[in-house]
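Let's go through this model together, asking at each step what a label rests on.

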Amino acid sequence: MSLLVVGTVAFDTVETPFGKAEHILGGAGTYIGLASSYLTRPINIVSVVGEDFPDKHIQRLKDHGVNTAGIEVVKGGKTFFWAGKYHTDLNSRDTLDTQLNVLADFNPVIPAEFMNCEYLMLGNLLPDVQRKVMAQLPNRPKLVVMDTMNFWMDNFWDSLMEGLKLTDVLTINDEEARQLSGEYSLSKAAKKILTMGPKYLVIKKGEHGALLFGEDKVFFAPALPLDEVFDPTGAGDSFAGGFIGHLARTGDISFENMKTALIYGSVMASFCVEQFGTERLVKLSVEEINSRIKRFVELSQFEIPLS
Ligand code: AMP
């Protein structure tokens, strides 16, 4: 079932304790598109880049079956740029630079062929842009999943609140959930956020897994303990790609199936962090994905006979 992804396609400069990679392919839309491409088709992406963006990067998405007809190339424009540096524990990072460039004036135009999407993934982006996308769709998608971050909470609060009212599932990390709700307890934070619009909330906790809230239920998916984590950039977006990719593939948006989607999200995130940038995500096989799903099952399955 058709998936529409809206998100940044970007240049990233990333520094981790293991090294530095400059001006590599990044962006929330990129990671979501690549991660979901192993699970569902068709995938259409709407984004914007500058004239400085090399064709080979767009080709990477095309090679994964992502329809890039909705990526606008702004003549003379510069592509969105983000730079970040990870701390030694790799769980936290500092944003060193965010240059919106062509994103600042981005007015998304959805190609006619993308209009009837059933699944909409609004990647971390200007809340205004996220809403402009939804406003153009003639029919409400079956499921709208939104990601956002502290940057937009700090600078575009009102617009973000409007967008949340149109969202089915919000995916954010624990720090963002605390900021959005003003509550430290994630359980209290979830209750508050679920009054803001979304029916379901996914809270990502990095190497400590992810929580799914909704319908007065909670589900927890662990993160896989990995020997090597090189670069956590894009883990959240790969998670989102795996999550919505599974839901789009199965066409089932029940809480039960969202639990499985949480595992697919965790699996895609676990691959993403194993190498710099998109390097690991672009060369996965179905066998690798299935065997990692199996590891997740083994990791968290237990039975306790109650007397
Ligand atoms: P994640 O590690 O999942 O939070 O995603 C990192 C990706 O998000 C990077 O590839 C960045 O290009 C992109 N990114 C960083 N800041 C922003 C922002 N303010 N808006 C949209 N995308 C961003």
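**What the labels rest on**

β1 and β8 run parallel and are joined by 4 bridges. This is a predicted model, where local features need pLDDT of at least 70 and side-chain atom pairs count only at pLDDT 80 or more, while totals for chains, interfaces and linings use all residues. Residues are numbered from 1 along each chain as its sequence is written, and side-chain values use heavy atoms, with hydrogens and water left out.

Q: Why are β1 and β8 called paired strands?
A: Two strands pair if DSSP finds at least two bridges between them. Here 4 bridges join β1 to β8, so the pair meets that definition. Within it, Val6 stands opposite Leu122 in β8. Strands are DSSP runs of E with at least two residues, helices are runs of H or I with at least four, and both are numbered from the N terminus.

Q: What makes β8 and β9 a pair?
A: These parallel strands, residues 119-122 and 143-147, are joined by 4 bridges, and the definition asks for at least two. Leu120 stands opposite Val144 in β9.

Q: In what order do the strands of the open sheet lie?
A: The order of its 9 strands is β5-β4-β1-β8-β9-β10-β11-β12-β13, with mixed pairing. β5 (66-74) and β13 (217-221) are the edge strands, since each pairs on one side only.

Q: How do you know that helix α3 packs on the sheet?
A: Helix α3 (residues 127-136) touches β1 (3-6), β8 and β9, where contact means heavy atoms within 4.5 Å. Its direction makes about 165 degrees with that of β8; axes are lines fitted to C-alpha atoms, for helices over the stretch in contact, and angles run from 0 to 180 degrees between N-to-C directions.

Q: Why is Val46 called buried?
A: Buried means under 20% relative accessible area, exposed over 50%, and partly exposed in between (1.4 Å probe, protein chains only). Val46 has 1% relative accessibility, so it counts as buried. Val46 is in strand β4 (residues 43-50), and its contacts include Leu4, Val5, Ile110 and Phe114.

Q: Is Thr13 buried or exposed, and why?
A: Thr13 is buried, because its relative accessible area is 10%. Its place is in strand β2 (residues 10-16), and among the residues it touches are His23, Phe81 and Trp82.

Q: What makes Leu306 exposed?
A: Its relative accessible area is 78%, so Leu306 is exposed. Leu306 is found in the segment after α10 (286-300).

Q: Why do Glu15 and Lys85 count as a salt bridge?
A: A salt bridge is a side-chain nitrogen of Lys or Arg within 4 Å of a carboxyl oxygen of Asp or Glu. The closest N and O atoms of Glu15 and Lys85 are 3.9 Å apart, so the pair qualifies. Glu15 lies in strand β2 and Lys85 in strand β6 (residues 81-86), 70 residues apart.

Q: How do you know that Arg280 and Glu274 form a salt bridge?
A: Their side chains meet at 2.9 Å, N to O, and the cut-off is 4 Å. Arg280 is buried because its relative accessibility is 11%, and Glu274 is buried at 17%. Salt bridges that share partners join Glu274, Arg280, Glu288 and Arg292 into one network.

Terms used. Lists of a residue's contacts leave out its neighbours within four places in sequence.
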